[in-house]
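Work through the exercises below with the model open. Try each task before reading its solution.

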Amino acid sequence: MSAYCEVALPVPLDRTFTYAIRDGQNPRRGARVIAPFRNEKLIGIVMRLSAKAPTDFEVKYLEAVLDQDQGQDSHEGPLLSEGLLTLAEWMAQYYLAPLGEVLRGMLPLMAEVRRTVYYRITDLGRDVLARTVENEPQEEFASGVEQAAEKPSPLTGSIFSLYIDKSESAGPLAPERRSHLIEREGKVPQEQRELQHRVLSRLASGEPIKVSTLRTATGATLPVLAAMIRKKWIARETAAAERDARRTERFAVLIPETRLPALTQNQQAILAELAACGGELPVAELRRKDLSSSTLRTLVRHGLVRIDERPTAFRLGGIESTAEPFRLNEPQTEALASLASSLGTFKPFLLHGITGSGKTAVYLAAMQRALDRGLASILLVPEIGLTPQTAGLLDAAFGTKVALLHSALTPEERSEQWRRIRRGEAPIVVGTRSAIFAPVPNLGLVLVDEEHDQSYKQEETPRYNARDVAVMRAKFAGAVVVLGSATPSLESWHNSVQKKYTRIDMRERVMNRTLPEIELIDMRREFQETAKEQLFSRALITETQAALDRGEQALILLNRRGYSFAILCRACGAKLECQNCAIALTHHKPPAEQADIAREGQRLECHYCGFRRTVPARCPQCDSEHMYYLGAGSEQGEERLAEIFPSARIGRMDRDTVRGRYDLERLLARLHSGEINLLVGTQMIAKGHDIHGITLVGVVGCDHALSMPDFRAAERVFQLMTQVSGRAGRGELPGRVVVQTYYPDHYAILAASKHDYTSFVEREARIKGIYRFHLILKATSRKALNDALRGMLAHADEAGVPRRNLIVDVDAQRLM
Ligand code: ADP
Ligand code: ZN
Ligand code: ZN
């Protein structure tokens, strides 16, 4: 048997730590343990077992093993499978991230280790109590310690899987320590002694009591309890219980009623909200919308609303598909055949299918094929809330076999889903970025939808890209992996050119539909011809009016949220900036009649950190009243559109109108039904929506990114333009796109306007390996820095890099 183990702890250190294993503890590779580290107890993962003790330092014991090896009946295998552990090790190495931090991101089970604190009476405390019952409490509290302290407090078992504070397991007290305690006890004020007595009496039965319960029952404060722990009368225990109770969610359900009593405004608001959402909403969702729960209770009393309690876990929801059942067309059938015939081995594919080519149907069919062979699938999507349609399709196709993992889940929901997946109950996993770590047994297929999407990149340690991790996960699992997009990232494209990924092309839209024709409007010329700075060009206005007149729908991308994106002072030039981030504050001014979202007044907001302030009437710097507002966001777009098209039924889709998932579902439902015929919004409107009535897409200000110092700028603009254009003409009527641009000659804009991915890639320098690297070296020693730089220059010379391609800039903190 191994006596030691190597544990990866969630600390920013690039190493594992050795711990000794106690008798009865039975950890194995992949199990969670609680380990003492500095003054904390951390949850770590066992990476290796070993028989040999380290020689150079003294090892500590593991505090507890959370996932004990259960012998033969542990049909589930270790908590983290070998495949996931290997993946974690690969990530730690590839992304230069501490293994413990990688693993922490993989395991959403921290919520399970409920750190509930319990208190329990010790034998010593029991003795103290026994004496005080016979005598006057005060005196005994001062003297009881001495005798009782002779006995060591044994580590008694408990109904919980517990770890016990060191204070209790320390064994008998040394005599000098004892007299010290007694001395101190004499000084304890009477009030506190009574509190202590109450605590001991409450704990007398021996059952551990939760800290909150104990405090309510006795009135003891945490310092009082802490003092009692120091005296070893009570012990503190932290339950590491794994929760398993099925959680439920409360729903407010509208009771249809013909004759309504007189209602207050708040009551009406709740009823309207429920009615608008198909008659029911989770109570939590109402609360999020600031609809009062006391009003809700009143409605329940009046019999207008009832509260239903339902199991939460498996509701997928989403928008039901209205599409007629169809048979896969030829390109889809061929794509499916390639994928299906590779199931059972590792094989990466790049599925390059134009917008509207029906990629989703291929994903679903491939998952079904995998399922038929007893294999599980993971489908990654950029943002689940943005594609409720996909959720609806999955629900219809696979029902309770689906597990959903996304960022809006509470820790409890997340671990519940995680457990279901691990038990093999949900062989279809759908989720955002971190769903790539879902512990599915028998993984056969990994699909990454819209693989180019930025949301797959994690911006904190470990800084991984889930698309790339997906490929490695599939590799370790021997699974098929499919990266799908109409606008593949250059990285994936490059891999397909290098034949590392097998490319599948779907070049036609389904049902012989055509891609929309794209017209470029040169906004510089528009300005010359109209002599006015206009948000919308004449062509876009004409086309929009025509689409609305024909009873069709139009969609306008204005890729900034808020009203104006900067406020400047004309007098002194001051720019209103966030006090935390020093970036321009965005002016928000929601239209007055915005009834469908919680009303908020004007404000300035930092889109980086969320800081908010009121709109000042005068310049905070020079007190001038000449402030001016620069740039138009979606709120201003909406306002302008309402002026230009007074009879249009306008909707807006951005982070301000879409807060919760239900907001989006409702907005999309209004679009599908035609209730909204003109939608303005940020890049959210470009995400995979399949609305058949849209025949016109307008693109306003999607090219400002081209002036940004970002090596992916061209790629991003190309992707956004192609994706948003792809929303037009998905139904029976063909679509049109009007793109307003200040860069009509830029290759990204030109290629996107011709739906020509290949010509874009060929023009993009990055694919040819032409990069501009930017390295920052920092050193405290001038000599070290100098040596490093000289070494690098020598290396560049050797590699034949011309000196004029290198710029060295030394910025000194100290010259000598
Ligand atoms: P993509 O993701 O490639 O842009 P979707 O998967 O959203 O395209 O499919 C576009 C639309 O085409 C959807 O409404 C879908 O129901 C429909 N569709 C997919 N395949 C077919 C088919 N073989 N026949 C008819 N309609 C189809
Ligand atoms: Zn000023
Ligand atoms: Zn800020």
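## Exercise 1: Around helix H19

Just after H19, Lys499 adopts a positive phi of about 65°. The model is a predicted one.

**Task.** List the buried residues of helix H19 (residues 490-497), then find which elements they pack against.

**Solution.** 
Step 1. Apply the cut-off: buried means under 20% relative accessible area.
Step 2. Recall the helix geometry. An α-helix has 3.6 residues a turn, so positions three or four places apart point the same way.
Step 3. Collect the contacts, taken as heavy atoms within 4.5 Å. Among the strands, the buried residues of H19 pack against E14 (347-353), E19 (480-485) and E20 (502-506). Among the helices, the partners are H18 (466-477), H24 (713-725) and H26 (757-763).
Step 4. Lys499 is where the positive phi occurs.

## Exercise 2: Strand E23 and its partner

**Task.** Sort the side chains of strand E23 (residues 566-569) by direction, and describe the pairing of E23 with E27.

**Solution.** 
Step 1. Ala566 and Leu568 point one way. Ile567 and Cys569 point the other way.
Step 2. Check burial on both faces. All four of these residues are buried.
Step 3. Turn to strand E27 (residues 627-630). E23 and E27 pair in the antiparallel sense, over 4 bridges.

## Exercise 3: The shell of ligand 1

**Task.** Describe the residues around ligand 1 and pick out polar side-chain contacts to its oxygen atoms.

**Solution.** 
Step 1. There are 18 residues around ligand 1. Arg327, Gln332, Gly356, Thr360 and Asp690 come nearest.
Step 2. Classify the shell. It divides into 6 nonpolar, 8 polar and 4 charged residues.
Step 3. Take the polar contacts, with a limit of 3.5 Å. A polar side-chain atom of Thr360 is 2.8 Å from a ligand oxygen. For Lys359, a side-chain N or O atom lies 2.9 Å from an oxygen of ligand 1. For His692, the corresponding distance is 3.3 Å.
Step 4. On its own, ligand 1 has 570 Å² of accessible area, and the protein covers 86% of it.

## Exercise 4: The whole chain

**Task.** How many helices and strands does the chain have, and what part of its residues is buried?

**Solution.** 
Step 1. The chain has 27 helices and 31 strands.
Step 2. Of its 816 residues, 50% are buried.
Step 3. Residues 24 or more positions apart account for 76% of them.
Step 4. Finish with the surface. The chain exposes about 40900 Å², and carbon and sulfur atoms supply 50% of that area.

Notes
Residues numbered from 1 in each chain as written. Chains lettered and ligands numbered in written order. Predicted model: local features only at pLDDT ≥ 70, side-chain atom pairs only at ≥ 80, totals over all residues. Heavy atoms only, no water. Near = heavy atom within 4 Å. Polar contact = N/O pair within 3.5 Å; in protein donor to acceptor, adjacent residues only side chain to side chain. Areas by Shrake-Rupley, 256 points an atom, 1.4 Å probe, with all protein chains shown as cover. Nonpolar A, V, L, I, M, F, W, Y, C, P; charged D, E, K, R; others polar. Buried < 20%, exposed > 50% of the residue type's maximum accessible area, 1.4 Å probe, protein only. Helix = DSSP H or I, 4+ residues; strand = E, 2+ residues; numbered from the N terminus. Pairing = 2+ DSSP bridges.
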